[in-house]
Amino acid sequence: MDAELTDDGFLDGRLRIQQPRQGYRAATDPVLLAAFVPARSGQAVLELGCGVGVASLCLGHRMAGLALTGVERQALYADLARRNAARNAIPFQIVEADLAALPATLRSESFDHVLANPPYFRAGGGTAAQDAGREVAFREETPLSLWIDICLRRLRPGGWLTMIHLAERLDDMLADLRGRAGSIEILPVAPREGRPATRVLVRARKVDRGPLRLFSPLVLHEGEKHLRDGDDYSLPARAVLRDGAALPID
């Protein structure tokens, strides 16, 4: 294997994923994102900004029979996503493109589900990452409002948009969804019991007026602090991150 890549296990080693040793490296967020997508076999799924493919491949592992498509603008990550799909024997079409300039063939399609893990940090704030891949993954060049607009445009009526983002951006997300999607469901993700949520999982149904639902938080770790070697995931988090289970889907 290329010395600049690592070979990492996800879902307790059920998926083997190559990713850059330096730069953006997928961790728990794409696994949580995949677990919140209410997809069923036979449906079409699009992931915008798929990176090396972790979220879509986790989803494909949990639910067979999906037509998975990913869009990734960085050539290295797009190529790794293709390789990761092949080595895990999960059909996954990768389109190398900027989500703000999708090719006409993709603009002509619509999907049952669109998922995304947009960059968390606003443009111009903080210190830029030294690695270009990491900088693109974490800092907005395309505004969050445009991410949401593009996601909704690629959805069929009644289709689901699923995203993970910082808890502090929830207000922005709800504002961008207002009037365009309903039946919004929100799952806060907290690092430990009694701590504020740092992430939110949000899903919404296009052209729907159903009421908003707020789930009880998913607590990732047991105890007040880390006390032993190895992970200390809570039982619900372990079911998702190790066993590939779905988050609340009904």
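The model is predicted: local features need pLDDT of at least 70, side-chain atom pairs count only at pLDDT 80 or more, and totals for chains, interfaces and linings use all residues. Residues are numbered from 1 along each chain as its sequence is written, and side-chain values use heavy atoms, leaving out hydrogens and water.

**Asp208**
- Asp208 sits in the loop between strand 9 and strand 10 (213-214); strands are DSSP runs of E of at least two residues, and helices are runs of H or I of at least four, numbered from the N terminus.
- Setting aside neighbours within four places in sequence, Asp208 is in contact with Ala181, Gly182 and Ser183, contact being heavy atoms within 4.5 Å.

**Helix 7**
- Leu170, Met173, Leu174 and Leu177 are the buried residues of helix 7 (residues 170-177).
- Viewed down the helix axis, these residues fall within an arc of 95°, so they line one face of helix 7; the arc is taken from the directions from the axis to the C-beta atoms.
- They pack against helix 6 (144-153), strand 7 (155-166), strand 8 (181-192) and strand 9 (199-206).
- Gly179, which follows helix 7, has a positive phi, near 85°.

**Confidence**
- Mean pLDDT (the predictor's confidence in each residue, from 0 to 100) is 92 for the protein chain, and 89% of its residues reach 70 or more.
- Residues 133-137 have pLDDT below 50, and this stretch has 15 contacts in the model beyond near neighbours in sequence.

Methods. Buried < 20%, exposed > 50% of the residue type's maximum accessible area, 1.4 Å probe, protein only.
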